[in-house]
Amino acid sequence: MADYRCLNCDTEFDDCDADYIDEDRGECWGRIAYQRVRACPCCRNTEIEELKECPHCEKLILESEEMCGECEKIFAVAKDPEKCYKVAEAMEEATVEINNYLAYMFSSSEINEILLSTLLHPGCRSKIAEYSREYIESDFESFAEAYSDTEGGKR
Ligand SMILES: [Zn+2]
Ligand SMILES: [Zn+2]
């Protein structure tokens, strides 16, 4: 696992491979002051950023980033409940207890349809994005797998 990425040439390197250059920091007590700074071993650029693992998939990302681009795309699905529904179709079905009479009256696809239309009701839609995000986070691995199964979440 690399420690740093150069923001100029994208080279990733370990701390032990880093180059160091003395940057001129102006005069101090009549002498020129230098500061030793870490630089890219490839292009000697000093604009480098520390790397860390993406909290969801362990891919290397910049210290300032929240997650990797791939995981960001998956979490973006939370904004669209219909898309969430579509992705979840590739996942294992959940079972719930339901009133015996209603279970007799409706097929499982009818029940899904009725519940989805309730979810898409304007009064519900406004607070759904946050819940959808929590849902995706609750079993990120399965959702990410289902997402890639549905051609990257396309409909
Ligand atoms: Zn570089
Ligand atoms: Zn990731």
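Let's start with an open sheet of four strands, ordered β2-β1-β5-β6 and paired antiparallel (strands are DSSP runs of E, at least two residues, numbered from the N terminus; two of them pair if DSSP finds at least two bridges between them). At its edges sit β2 (12-13) and β6 (60-62), each pairing on one side only. β6 joins β5 (residues 48-53) through three bridges in the antiparallel sense, and Leu62 in β6 is the bridge partner of Leu51.

A quick word on the model: it is predicted, so local features need pLDDT of at least 70 and side-chain atom pairs count only at pLDDT 80 or more, while totals for chains, interfaces and linings use all residues. Residues are numbered from 1 along each chain as its sequence is written, with chains lettered from A and ligands numbered from 1 in the order in which they are written.

Zooming out, the protein splits into domain 1 (4-53) and domain 2 (69-151), with bounds from an automatic or database domain assignment. Their centres, taken over C-alpha atoms, are 47 Å apart.

Now for the inside. The largest nonpolar core has eight residues: Ile74, Val77, Ala78, Cys84, Val87, Ile136, Phe143 and Tyr147. Such a core is a set of buried Ala, Val, Leu, Ile, Met, Phe, Trp, Tyr and Cys residues joined through C-beta atoms within 7 Å, where buried means 20 or more other C-beta atoms within 10 Å of a residue's own, placed from the backbone. A second, separate core of six residues includes Tyr4, Cys6, Phe13 and Ala39.

Helix α4 is another story: zero of its twelve residues are buried, so α4 lies largely in the open.
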